[in-house]
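Reader: I have a structure open and would like to walk through it slowly. Could you help me?

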Protein chains: 2
Amino acid sequence: MRKLDRYLPILDWGRRYNRSALSNDVIAAVIVTIMLIPQSLAYALLAGLPPQAGIYASIVPIMLYALFGTSRALAVGPVAVVSLLTASAVGQVAEQGAAGYAVAALTLAFLSGAFLVLLGVLRLGFFANFLSHPVISGFITASGLLIAVSQIKHLLGISAHGHTLPEMLSAIFSQLNETNWITVFLGVTATAFLFWVRGRLRPLLVRFGAPKLLADILTKAGPVMAVLATTVAVWAFGLDAHGVGIVGDVPQGLPPFTFPSLDPELLQTLLVPAILISVIGFVESVSVAQTLAAKKRESIDPDQELIGLGAANLGAAFSGGFPVTGGFARSVVNFDAGAETPAAGIFTALGLAVAAVALTPLVYYLPLATLAATIIVAVLSLVDLSILKKTWAYSRADFASVAATIFLTLGLGVEIGVASGVAISLLLHLYKTSRPHVAEVGLVPGTQHFRNIHRHAVETDPALLALRVDESLYFVNARFLEDLIRSRLQEGPEIRNVVLMFSAVNEVDFSALESLESINERLKDMGVGLHLSEVKGPVMDRLEKSHLIENLNGRVFLSQYGAWIALARHSEPSAAEAQRR
Amino acid sequence: MRKLDRYLPILDWGRRYNRSALSNDVIAAVIVTIMLIPQSLAYALLAGLPPQAGIYASIVPIMLYALFGTSRALAVGPVAVVSLLTASAVGQVAEQGAAGYAVAALTLAFLSGAFLVLLGVLRLGFFANFLSHPVISGFITASGLLIAVSQIKHLLGISAHGHTLPEMLSAIFSQLNETNWITVFLGVTATAFLFWVRGRLRPLLVRFGAPKLLADILTKAGPVMAVLATTVAVWAFGLDAHGVGIVGDVPQGLPPFTFPSLDPELLQTLLVPAILISVIGFVESVSVAQTLAAKKRESIDPDQELIGLGAANLGAAFSGGFPVTGGFARSVVNFDAGAETPAAGIFTALGLAVAAVALTPLVYYLPLATLAATIIVAVLSLVDLSILKKTWAYSRADFASVAATIFLTLGLGVEIGVASGVAISLLLHLYKTSRPHVAEVGLVPGTQHFRNIHRHAVETDPALLALRVDESLYFVNARFLEDLIRSRLQEGPEIRNVVLMFSAVNEVDFSALESLESINERLKDMGVGLHLSEVKGPVMDRLEKSHLIENLNGRVFLSQYGAWIALARHSEPSAAEAQRR
């Protein structure tokens, strides 16, 4: 029973559902639905799909997430970055508008869903940790810029394609002469209005005495107002006849039952993009869910989140949608509007279903420029170049990861960008561990502590070389220690004992073990003792399975202080000793 | 001047060259030349090239290595594993025997040479450390098996192709009915003879009173004897007319001046194989050179070795050769025969040049089966399955790397095999560090030391949570600590202070910094102090560049003992305290 609760969180919160939660959830759902209608149409446009796909992608997926997800505030559906990734992946296998395009998008959702569920069942959520914060920040910032630039064509009323910044910019410049000035007027007005609503409307309303809740709703409804005003303008003045691009016919009705393709070649081509979309969507979603849960002192289960998001994507694949994930903006709105349980998501889905059945004829005259404006305003809030400054100040390696991710995403596209970011951050980490910090240590007088001889005033003994190895020993740095000890012994021929202080060695793998065995052999030949100190439990357990300890030309000490007591001459060299040198 | 010495080691040893070194080097060169003639022909055969390519690949490359290399004993030329890799890479772009095949091999040598020189100039030798010992051992063993099986066709006198074990075996079985029994007789006799020479001849000769040096030379000359005997047999009985495969016409003369192709498509296809060949060749070569140098208490410079091997490969590309590296067997022979300086290599090259000019007509009747026998006997000594047993006993992760490398190399070919081995060993390492060991520690009574409360009898205070983090904190495990502290605080509501003991934390990257900041914020909200202890110098330097330390809801202690003195209640809870609970 408990196990079932874990896989179906609805069994837990559903039992305790009451009237007060119901009314809070319904209010939140109304606000989110109003916000989602234009957003869903816009993200479908961004993904290169017909507008209704955006609505469909918000209905069944939201319901499935409500059944399987663990976050109480997360709102699932199409989001900007994932839509961009979808356009980039599907664009490789089909022309936008061609028959295969929509099926490829379904297939992509199917593959991501299957991959996420698989990771969830295997409890492999840690996989997402390979995306470092700097890489994610850099990627989101670069994607936001790419998306904003990709929408400029709709503001100008031209058609320009491309998946990278240079491609997009050159396509726009080459077609500038086809600009439709009525579209520009509508689009720029809508963009300016939305920026104004976002930044200024709420304080203004509050200053004029509007209640906070009303001010909130009016601010959230900004995109809907822009949609209504520009749609009416196009209809009243017949602007579509003057070249203003409009949404046009959107089929009325509930989401259709659809099937992804099972063509092996298509599946193979889309597999890597699907993994990328899954991981990026998951990371974005989990960080939103964790932030919101922490505010209410709740927690989420990342492995169960994989199953929730996986189910949502599988749902999208079978109901005419495309890849979805938990969105930042809509989840915050849902949270702020007072959503208490995932039931708010179910009510939102019902609201969108009503919209799909009843409201689609109303968006016939909706200008594409208005949708582009809502996208631009939404994604520019994702752009945060301060991460460059912050990482530069803290660590050049992290800066390099961010800068490479931003630069490559803009220049070579989203997939190469994020893949390079991950590869670079992993390689830099391995590079750092390949040249570990090794400190020569001495005793801090009057204590039992040992510190770096170059940073502290400590007692040492020239015949005793005490090295604190500041890294786990594994294949990438196995030879490093061997070389270091050889060169230290060449400099100090008076050394009779070497103590390796293992307080910071968290692992010794087989390559490093062979290296230690070869160090031991070499020192034995030279008549120098090799000792270990402060070896941790798990490392010692492992070493005892090898022959290193039994063949060790020295001892294993519990503490470095113990090694010092046993091996060092504690007084200054005597007069006789000093003379002999 | 000193800098020039470093890049041209010949300037160093050349100045001190004398008559005794000269005579030792010449003797070594004679022995190595005798050994190399059949070996060079055989490895050319293995690489799918005409036999003279093997001789050419041993002349100019050896001379260039003598100028630029740092090892005094390393003998450079075609080796078994690299020849196999060459056959596999070149086989993807041209049919064996076709015009493009030899040019592709030159191009492969050119690319590896350029890559090695580049790594050397950038001093990036550490790159080779990404190949762990288990992966190298597994790869060499699997390659040895593959090579031995690939030669069976020559012993049977059939033609069978394939790059993986299943391909080779099925090709051999399907053509078993075409077996040439005279070839089988020659090949099996030669193989048995060579195994006998290798294992039994030397002890026998010594027992019958032969001087050691003579016994050595006779043993080394085993392949030459097999070559002479079988060549004479083919010539005398006209066996080539009965279907015995022979070497045939080999052009007489010095190595020709050749050019690699600069076709961009070919370069792109061969780039990854070239990198693989370079890295594997470098690793094999450096480990041989280091082993031999250590025996004479000398040392080599791995970064300069890259330049030496790179120059050798560039030389091969322009003189009709194919990729080369330092070989284990020939280097050991060179060393044992008393080579004192790289001049021995130059004399060997001269010896081979004489062979190329004068001796090639003599190998016309040499049976391919004899060359196959020399290869089989040489490579089976590389096969060492004991690495499976050793790693199994020590660490399952290392075992998994070896097993996967062997299995995938045999089943899917050398390139996929070694690439998967590297990827698996890196991923397993990252996986291990993603779930670090974190020990809750307490004071060992009567000392200033802290140990795991589950392994040792230690003093603790229920209001003080002291955690020793046994891993560097970086993006792969950044969230782990956050989750761990949250769950520990849920279990222990009486905790008032958390001390993170950083003695084993060797790095805190930007992602982990953000995670620590968020832990700090959360604990501050809960009224719990967060303290750090035993932070190492380099880590502290880094943290001081951030706002973590100034915003820390607690203190940084030099030692865990200092934190204990300041924060713990040192006596048992008083009666009043006990009552209150």
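**Strands, a helix and a contact**

Author: In chain A, strand 6 (residues 497-501) and strand 7 pair in the parallel sense over 5 bridges. Strands here are DSSP runs of E of at least two residues, helices are runs of H or I of at least four, both numbered from the N terminus, and two strands pair if DSSP finds at least two bridges between them. This is a predicted model, in which local features need pLDDT of at least 70 and side-chain atom pairs count only at pLDDT 80 or more, while totals for chains, interfaces and linings use all residues. Residues are numbered from 1 along each chain as its sequence is written, and chains are lettered from A in the order in which they are written.

Reader: Which residue of strand 7 of chain A does V499(A) stand opposite?

Author: V499(A) stands opposite H531(A). Strand 7 (residues 529-533) of chain A is largely enclosed by the rest of the structure, because 4 of its 5 residues are buried; a residue is buried if 20 or more other C-beta atoms, placed from the backbone, lie within 10 Å of its own.

Reader: And chain B, what order do the strands of its open sheet take?

Author: The 6 strands follow the order 4-3-5-6-7-8, with mixed pairing. Strand 4 (450-452) and strand 8 (556-557) of chain B stand at the edges with a single partner strand each, so one side of each is left without a neighbour in the sheet. Strand 3 (residues 438-443) of chain B runs antiparallel to strand 4 of chain B, joined to it by 3 bridges, and L443(B) has F450(B) as its bridge partner there.

Reader: Switching topic, where does helix 9 of chain B bend?

Author: Helix 9 of chain B bends by about 50° at R200(B), with a proline, P203(B), following within four residues; the bend is the angle between axes fitted to the seven residues ending there and the seven starting there. Its buried residues, including L186(B), F193(B) and V197(B), pack against helix 7 (133-156), helix 10 (212-220), helix 11 (222-237) and helix 16 (368-380) of chain B. Just after helix 9 of chain B, G209(B) takes a positive phi of about 85°.

Reader: Last one: how many residues does each chain give to the contact?

Author: Chain A gives 44 residues and chain B gives 43, where two residues are in contact if their C-beta atoms, placed from the backbone, lie within 7 Å. Among the elements of chain A that give two or more residues to this side are helix 7 (133-156) and helix 19 (414-434).

Notes. Buried ≥ 20, exposed ≤ 12 C-beta atoms within 10 Å, placed from the backbone.
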